Each structure stands twice: as structure tokens, then as C-alpha cells.
Amino acid sequence: MSQTEALPQPAVDRADPTPKQRDIAEAATRLFMAQGYAAVSMDAIARAASVSKATLYAYFASKDQLFASLIGTACSRSGAHSVLPTEEELDLRATLTALADRALRFMLEPQSLAIYRVVVAESVRFPELGRAFFERITESSRQNLAAWLKKQMECGKLLTRDPVIAAQQFISLLRTHFYTRAVLGVDPPPSEDEIKATVTAAVETFLRAYAPESPPPAA
């Protein structure tokens with residue numbers, strides 16, 4: 001794979017992967033983490049997953065396609081393309097809390113962290129890895145959230161500001177010290193109390209910044 005090519009779209013994109021697909025994905029992730037993207041061969045992945053080369057290639061035509069599938073699976077788990085509620089009567093705080101909780105738990109998943117570490121470690125040599133991760137997960141999530149926040153601004157539930165910046169700020173509020181700790185593999189993992197406290201603080205801070213301005217009191 002050259003440094004100017006983009007990762008291919010995964011040929012196999014099942015919502016419910018087969019056991020062999022899961023074994024292959026887990027084995028590939030372990031190898032990519034331990035050895036780096038460039039050093040891992042399809043032969044090594046087949047051996048680690050205890051499948052034949054024919055089975056491996058039946059699912060994935062190349063290592064590029066396999067890694068693209070890992071990113072695609074992560075994108076599905078992140079909810080980057082999920083449909084957000086648009087009903088005018090929705091509880092904004094509760095919806096933001098649910099979104100923040102889902103996003104933070106996705107970021108802290110072992111496989112999400114593993115893929116992120118590989119991308120960061122290899123993106124200088126293989127910029128297409130970083131580009132694919134950014135476009136399919138980071139940017140997709142931001143655009144989806146920004147579109148939803150824009151609707152909340154239009155119906156008066158939030159101050160009218162740049163929704164893209166608002167989405168960036170909301171996500172950034174979740175990347176606290178224990179997320180960095182998790183990325184670096186520093187123990188211990190965050191507790192449920194830490195996760196809930198971070199989500200609550202992020203939503204509270206965001207709403208304080210974007211709550212609609214109250215009309216001046218009547219004279």
C-alpha cells in the first residue's frame with residue numbers, strides 16, 4: 001500500500017460477524033498492536049486466528065481491507081452514523097447525557113483503544129491509516145452530532161452558534177485525564193463513578209455554555 005492510497009472499503013460488512021470473522025479481527029488487532037501495521041503479514045494473521053489462508057482471503061482480500069474492516073466495525077460501534085432523536089419534546093439534557101455516555105464508553109473500549117494506538121503509531125509511515133480513522137470515525141461522529149445540534153439551535157433549545165465547533169467542544173469535554181491514561185495503558189482503568197462524573201460534568205458545562213439566553217425581566 002503506497003502512502004498516497006486510501007484504505008479500501010471492506011468487502012465484507014456484516015452487522016453480525018461470523019465467529020471466524022471475530023477471531024480474525026481479534027488476532028489481527030493483537031498482532032498490529034504488538035508488531036505494528038507494516039510488520040504483520042496475512043500469513044501471521046491466519047496462524048494467530050487459527051484459520052486457513054483460504055478462509056482468511058475469503059473474508060479479506062488484503063491486509064489493507066482487513067484493517068479497513070476493523071475501522072468500519074469501530075465506526076459502527078461508535079454510533080457515528082446513528083440517527084439522533086429530533087422530536088421537539090425530547091429531553092435535551094437526558095439525550096446529551098446518553099450521547100456522552102455512549103461516546104465515552106466507545107472511546108474506552110479495549111479494541112477502540114488498540115486501533116487508535118496502531119493508527120497513531122503508524123500514521124506517519126502510512127498516512128492513509130490516520131486519514132481513514134479520521135474520516136470514518138472522528139469526522140463522521142462530529143458531522144452527525146453537529147447536524148443534530150444545529151436542529152436544537154434552530155428550535156431554540158440551544159444558543160445559535162457554529163454547530164461544528166459546538167460538536168467539537170462537546171466531544172473534547174469527554175477526553176479527560178483518564179482517557180489519556182487509558183490510551184497510554186496506565187492502570188487502573190476508570191471506574192463507573194469516574195465515567196458517570198465525567199459525563200455529567202461534560203453535559204453540565206456544555207449546557208451552561210449553550211443554554212439559550214433568558215429574556216430580560218419585565219419592567
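Author: P188 sits in the loop between helix 9 (177-183) and helix 10. Helices here are DSSP runs of H or I with at least four residues, strands are runs of E with at least two, and both are numbered from the N terminus. The peptide bond joining D187 and P188 is cis, with omega about 0°. Most peptide bonds are trans.

A word on the basis. The model is predicted: local features need pLDDT of at least 70, side-chain atom pairs count only at pLDDT 80 or more, and totals for chains, interfaces and linings use all residues. Residues are numbered from 1 along each chain as its sequence is written, and side-chain values use heavy atoms, with hydrogens and water left out.

Axes are lines fitted to C-alpha atoms, for helices over the stretch in contact; angles run from 0 to 180 degrees between N-to-C directions. Helix 8 passes helix 10 in a right-handed crossing, meaning that the near helix is turned clockwise from the far one by less than a right angle. Helix 8 brings I165, A166, Q169 and F170 to the contact; helix 10 brings V203, F206 and Y210. Contact means heavy atoms within 4.5 Å. By class, that is six nonpolar residues, one polar and no charged. Ala, Val, Leu, Ile, Met, Phe, Trp, Tyr, Cys and Pro count as nonpolar, Asp, Glu, Lys and Arg as charged, and the others, Gly among them, as polar.

Helix 4 (residues 63-78) packs on helix 7 (residues 127-154) at about 15°, axes 10 Å apart. These two are therefore roughly parallel. Helix 4 also passes helix 7 in a right-handed crossing. Helix 4 contributes F67, A68, I71, A74, C75 and S78; helix 7 answers with L129, A132, F133, R136, I137 and S141. The classes are nine nonpolar, two polar and one charged.

F32 belongs to helix 1 (residues 19-35). F32 counts as buried because its relative accessibility is 2%; buried means under 20% relative accessible area, exposed over 50%, partly exposed in between (1.4 Å probe, protein chains only). Beyond four places in sequence, F32 touches Y37, V40, I45, K63, F67, L70 and V118. E122 is 90 residues away from F32 in sequence, yet 9.9 Å away, C-alpha to C-alpha.

One more loop residue. S50 lies between helix 2 (42-49) and helix 3 (53-59). Phi of S50 is positive, near 60°. S50 is exposed, at 65% relative accessible area.

Last, the whole. The protein has 10 helices and zero strands. Of its 219 residues, 42% count as buried.

Key
Angles under 35 degrees count as roughly parallel, over 145 as roughly antiparallel, 65 to 115 as roughly perpendicular and the rest as oblique.
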